[in-house]
Amino acid sequence: MLLDDPDARLVSTAWVEPSGREVAEPSDSGCPRRVDVGQSDKNARAWQACLFGKGYRYAVYYHPPSRLWRFQWTEAGILALASAALGGLAVRRTLRRPG
C-alpha cells in the first residue's frame with residue numbers, strides 16, 4: 001500500500017461468532033478444516049460455507065486514511081518503549097554479573 005495514496009484504507013478483519021463475540025479463529029465450531037494441497041481452494045471454501053451455515057460472519061473494518069499516521073506513531077511508540085525496556089534489562093543484567 002502506498003502511503004501517499006488518498007484512497008488507501010487501513011483494514012482489519014475478524015470472525016464473529018453467532019453470539020456476536022469476535023474471535024481470531026473459530027476453533028470450536030465443529031467444522032472440519034483440512035489443509036489444501038496444491039492450488040485448489042475447495043477445502044477453504046467448504047470450511048467457510050460450514051461456518052456461515054452455523055451463524056458465523058466475517059467482519060471487515062475499514063479505517064479512514066486520516067488515521068494512518070496516528071496508527072503509525074502509536075505503533076512506533078509501543079515498539080520504542082518495548083525496545084527501551086528490553087535494552088535496559090539487558091544492560092542491567094550484564095552489569096550485575098559477578099566476576
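What follows is a short exchange about the predicted model shown above. Residues are numbered from 1 along each chain as its sequence is written, and side-chain values use heavy atoms, with hydrogens and water left out. In this predicted model local features need pLDDT of at least 70, side-chain atom pairs count only at pLDDT 80 or more, and totals for chains, interfaces and linings use all residues.

Colleague: In what order do the elements of the chain run from the N terminus on?

Modeller: Helices (H or I, at least four residues) and strands (E, at least two) are DSSP runs, numbered from the N terminus. The chain has two helices and three strands. Their order is β-β-α-β-α.

Colleague: How many Å does helix 1 reach from its first C-alpha to its last?

Modeller: Helix 1 covers residues 42-53, 12 residues in all. The expected span is 1.5 Å times one less than the number of residues. For helix 1 that expectation is 16 Å, and the model comes close to it, at 16 Å.

Colleague: Which residue takes a positive phi just after helix 1?

Modeller: Look just past the end of helix 1. The phi there is about 100°, and the residue is G55.

Colleague: Is Y56 buried or exposed?

Modeller: Y56 lies in the loop between helix 1 and strand 3. Buried means under 20% relative accessible area, exposed over 50%, partly exposed in between (1.4 Å probe, protein chains only). Y56 has a relative accessible area of 7%, so Y56 is buried.

Colleague: Which residues make up the largest nonpolar core?

Modeller: In soluble globular proteins, nonpolar side chains tend to be buried together. A nonpolar core here is a set of buried Ala, Val, Leu, Ile, Met, Phe, Trp, Tyr and Cys residues joined through side-chain atoms within 4.5 Å. The largest one has six residues: W15, V23, C31, W47, L51 and Y56.

Colleague: Is R33 buried or exposed?

Modeller: R33 sits in the loop between strand 2 (22-23) and helix 1. Leaving aside neighbours within four places in sequence, R33 is in contact with E25 and W47. Its relative accessibility is 53%, so R33 counts as exposed.

Colleague: How many Å separate the C-alpha atoms of R21 and Y56?

Modeller: R21 is in the loop between strand 1 (10-16) and strand 2. Beyond residues up to four places away, R21 touches W15 and V16. R21 and Y56 are 35 residues apart along the chain, and their C-alpha atoms are separated by 9.9 Å.

Colleague: Which strand gives the largest share of the nonpolar patch?

Modeller: Like charges are joined within 9 Å, nonpolar side chains (Val, Leu, Ile, Met, Phe, Trp, Tyr) within 5 Å. This patch holds V11, F52, Y58, V60 and Y62, with about 490 Å² of accessible area together (Shrake-Rupley method, 1.4 Å probe; for residues, only the protein chains shown count as cover). Three residues come from residues 57-63, strand 3.

Notes
Patches are made of residues with over 30% relative accessible area and no salt bridge: like charges are joined within 9 Å, nonpolar side chains (Val, Leu, Ile, Met, Phe, Trp, Tyr) within 5 Å. A salt bridge is a side-chain nitrogen of Lys or Arg within 4 Å of a carboxyl oxygen of Asp or Glu. Contact means heavy atoms within 4.5 Å.
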